[in-house]
Every structure is written in C-alpha cells, then in structure tokens.
Amino acid sequence: MSAVQARRETMVGGPLHRPVCRSLRAHQQAMATMHMRTLFEADPARFERFSIQVGDLLLDYSKNRMTDETMRLLLEMAEEADVAGWRERMFRGDKINHTENRAVLHTALRNRSNAPVWVDGEDVMPKVNAVIEKMGAFAERVRSGDWRGYTGERITDVVNIGIGGSDLGPQMVYQALKPYRHPRLKLHFISNVDGAHVKETLEALNPETTMFIVSSKTFTTQETMINAHTARDWFLAQSQAEKHIARHFVAVSTNRDAVTGFGIDPANMFEFWDWVGGRYSLWSAIGLSIVLAVGAERFVELLEGAHEMDEHFRHAPLAENMPVILAMLGIWYNNFFGAESHAILPYDHYLRSLPAYLEQADMESNGKSVDRDGRLVDYATGQIIWGATGINGQHAFYQLLHQGTRLIPADFIVSLEPHTPDMQAHHDILIANFLAQTEALMRGRTLEETRAQTGQAAPHKVFEGNHPSNAILLRKLTPHALGMLIALYEHKIFVQGVIWNLDSYDQWGVELGKQLASRILPELHADAPVAGHDASTNALINVYRRMSQPRAGH
C-alpha cells in the first residue's frame, strides 16, 4: 500500500460523506437530465424566487440547474458543516488559520462600526484606525503637492513594488476606479522579477517626480526586494545622494530595521499585521497606492462597501445570504457535477483585472489536497478560476462555453449605469450582449429551431444549452459597490473552504518552489558540475550556463 493510499484510508467520513451528500447525489441524478428551459417554462416566478439584492448588488441565480429541493439540500449541507459557527469564529478573531496559528481578520480592516475586535486580548481597532488615518494624511500631502521630491518638483508618478496580494489587489482596484483617480497622479505596478518589467516601467519615468511604495511585510520577499533595489539604484544614479531616498521611497512593512537600512524614513513605514493574509490585504496599508490614486474619502467608501457585505454575510440567514448561495452553487457543480473550472466574465472594461485577482484569491485559498485536520482529501476542492472581459471572450473562448464538452459555470458581472454617459449606444450593446449570452447558455437552440431559423438541419449550428450562470448586477461601479463585490467573493471562498474542511488562509503550496529556486540560483554561474537535481533539471541548468556565456563577436 502506498503512503497516499494509507493516508486516504485514515479518513473516516469527511464532508462529502455526510448523509445529506447521499441525498444530493441522488438528486443530481434526477437533475442531470433536466433542462433549464423546462424549469423556466414550469415556473414563471423563477427569477423572483432565485434572486437576491443587497444594497446596490443584485444576484440572479435562476439560470442554474437547480430547484427548491436543490437549494434545500445545499443549505442543509452548509448547516451540517457549521458554516454559521465558522463564520462567527472568523469575525470574532479566533485563530482559524490553524497551520500558522493566526486569526483571519481582513474584515476588521473595514469594520466601519468600530466595534471591538479582539486578538490575544487586544482590541485591534485603534491600530487599524490609526493606520487608515496615517495613510490618508500622507496621501493628501502627495496629492495636494505639499510633498515634494528632492528637487522641489511635485510627485507625478507612484510605483507600487510588490507581488501577489501586494500587487494584484491594488492594481485591480486602481483600474476599476479610474473615474475617481487624481487627474495629475499616475500609478504604475511592478511585480514580475523579469528585468523587462522594471526596466520598461522606469524608462518612462523621471526620478525627480517619482515615488516608490515597497510593499513587503518582511521586507525580504525576493522578487519585491530585487525590484526595489533596482529602482533604488536607478534613482541614485541621478539624485547622487542617499539622503534623497527618504523623499521618494516609502514602505508597507513590519520590518523597521530593514526599512531603515534601505534608506526609508521609518515615519513613512505603514504597518499591517500577521492576521492580514496577502490576498486579502488591499484593505490594509497594502492599499496605500489606492489611497494615493483616489483619495482617503473614496478609500473609506471602498471599506464601507465591504463592511456592508460583511454585515449581510454575518447576519443574514443562510437561505438569504448572497455569499452562501454563490458558494453552495459552486459546491453543487464542483462536487456533484464534476465541473473543474469556473469562469469570471465582467462586462465592464474597468473590471478587466478582476478575473486575475480572483484567480489568486480563490485558488491560493482553496487549492488544497490536505484538510484542516491534516488528512488527505478524497474529493474535489478548489476549482480552476479563469476569465476575461465578456465582449472579448465572446470572440474567443465562448465557443467552448456554448458547444464544448465541458460543464463550466460562469459569473457574468455588469454595471447598469456606465461612467461614460456620452457613449450610451456602446453601453446598450454591452448590456444586450450580457443578457443574450446568459440566455443563450441557458436556452440553447434545438435542431428543430435551427432548421426553422436557418432553413438547414445543421448539427453544427445546434446549441445544447443548459449551461449554468450567475448574473451579478451593480447599479454603478463606485468604490462602495466595488467593496461589496470583492467582499462577496471573499466570503464565497471562505464558505467553500468550510464545506471542504480546509484552512483557506495558508498557502504552503508556494513555498517549495521558492526554496528550490534559492538553491538553484547560485548554481547558475558556479564552476562545479551540477548533479544534485533530477536529470532534466541538471541538464537545463547546464544548457543555461552554456547559452548565457558571451559569444565571440557578440
């Protein structure tokens, strides 16, 4: 017996072996042949019963392969998994991140009620509020022109240097809130350790008018720090004095000594805490670039929107709870229909980076094969999250969604009121396509309908339909609405992690590659033969050594 088989045999029961799951499997057999067309024809009130509105967000989940019985069983599953209990443990600051013995309190960062939140006997809210106030005061100095560069020029460009959650979240929000940006302050984001990224960004900037935010909790993250030192060298090449670094570099970190050693004034170090996970950190000082871009008032509106969704998630009954409904529908397809991926399809140019942001948020959280009790799971966990803006997708991968062989549930997201009122015709076309795609995925087109519409009995023009989708409608993409939308997905991810009995807040899967890279790096230019890896890796290192040597005449 293999070690994996032995570990699997140690599992007794498990979340997908509860009695309700047997009922769900039997129910799935009945639903597998049921077409959503039939469900809509039999129930004219289906939209009213399977939609929910929270503030300026509306979720229509009626175009799913489910009935009242489906939802009853799924919610029973959520109750058996104690979603409500885990939810309360998270909000009150229990250390639900077991492998790192940490609380999970991104919700405290946007706790606009200011009710106490306790961690190790300390109310964290005074420190949270102090950092938000410090961020706002600093940003106002830069935005107003009071903060000047070493030559007395205004700051015109800000470069955020980070990776993962220190990059994806702020960059996504910066793009989404373009209509609210400062007119004379442009933000840039450097994350990739590929030298082309930092070089391409810096070559268009002026050191006299550029500020850098170095975002690294430990101030030791390899990719971030090599990019930060490259930016520092670039800056010093013109400024010629290390004392000027303090006017052009600030840090989001907890490592005061390393920040000071870099040349950054510790007064311009913005703190966050170990109970803030990287992919949930845009609400913290990691969001400093957001505050610089849109101002403190708009940033607070973002926090308030997230807080409104937090309150809904915390207090609404499971059957009327938007994140719970989204999460359980995902469980339905992932664990009972065998769907392996889920598409995020925003019909909003400003939300074009949302799919990439949610790829990390979801897959780094629930891409786990070991549960919170250390047991190897015997069921599917996190789905593959992917997507792109909807209109572009229609002319690319929607072919597979409509006529492919895979079941791929999708979330369609749209803003009803555009930020471009002078281009209403464009927006009408956008909305029409948004609506048409969800209808087409649901209804499909039979062979008889194809013959009647085209005059041909053409199988290649037949659409099976019965493809599930959710429609998420925002009244308008404001900071408040964006905060609600992001928090909605955060809580969906949390609920699914509870169902799968996972620790959704660690990410040990990213560590091994980092460790091996640190071992390989000094070998790339060493003189000794490389023999400590597998045959493929040894050979590739030797190929790199050979091909990276200067060639005669070049």
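Trainee: How many bridges join strand E8 to E9?

Mentor: There are 2 bridges between strand E8, residues 249-252, and E9, and the two strands run parallel. Keep in mind that this is a predicted model.

Trainee: And which residue stands opposite Phe270 in E9?

Mentor: That's Val252.

Trainee: What is the strand order in the sheet?

Mentor: The order is E6-E5-E7-E8-E9, an open sheet of 5 strands with parallel pairing. Strand E6 (186-190) and strand E9 (269-270) are the edge strands, each pairing on one side only.

Trainee: Which strands does helix H9 touch?

Mentor: Helix H9, residues 165-176, packs on the sheet and touches strand E5 (157-161), E6 and strand E7 (210-215). The direction of H9 makes about 150° with that of E6.

Trainee: Let's switch to the rings. How many aromatic pairs does a search of the whole structure find?

Mentor: The search finds 23 aromatic pairs. Take Tyr333 and Phe337: their ring centres are 5.7 Å apart and their planes are at 50°, so this pair is tilted.

Trainee: Why tilted, though?

Mentor: Because 50° falls between the two limits: planes under 30 degrees apart count as stacked and those over 60 as edge-to-face.

Trainee: Got it. Is Phe337 buried or exposed?

Mentor: Phe337 counts as buried, at 18% relative accessibility. Tyr333 is buried too, with a relative accessible area of 2%.

Trainee: What about Tyr398 and Phe412, how are their rings arranged?

Mentor: Those rings are edge-to-face, because their planes are at 85°; the centres lie 6.3 Å apart. The pair links distant parts of the chain, with Tyr398 in helix H19 (residues 398-403) and Phe412 in strand E12 (residues 410-417), 14 residues apart.

Trainee: Where do those two stand on burial, buried or exposed?

Mentor: Tyr398 counts as buried at 1% relative accessibility, and Phe412 counts as buried at 0%.

Trainee: Which residues do ring pairs link into a cluster?

Mentor: The cluster is made up of Tyr150, Phe212, Phe219, Trp234, Phe235, Phe249 and Phe262.

Trainee: One last topic, charges over rings. Which ring does the charged end of Arg110 sit over?

Mentor: The ring of Trp283, with the charged end 4.6 Å from the ring centre.

Trainee: Great, thanks for the tour!

Key:
Residues are numbered from 1 along each chain as its sequence is written. This is a predicted model: local features need pLDDT of at least 70, side-chain atom pairs count only at pLDDT 80 or more; totals for chains, interfaces and linings use all residues. Side-chain values use heavy atoms; hydrogens and water are left out. Rings of Phe, Tyr and Trp (its six-membered ring) pair if their centres lie within 6.5 Å; planes under 30 degrees apart count as stacked, over 60 as edge-to-face and the rest as tilted. Buried means under 20% relative accessible area, exposed over 50%, partly exposed in between (1.4 Å probe, protein chains only). Helices (H or I, at least four residues) and strands (E, at least two) are DSSP runs, numbered from the N terminus. A charge sits over a ring if NZ of Lys or CZ of Arg is within 6 Å of the ring centre and within 35 degrees of the ring normal. Two strands pair if DSSP finds at least two bridges between them. Contact means heavy atoms within 4.5 Å. Axes are lines fitted to C-alpha atoms, for helices over the stretch in contact, and angles run from 0 to 180 degrees between N-to-C directions.
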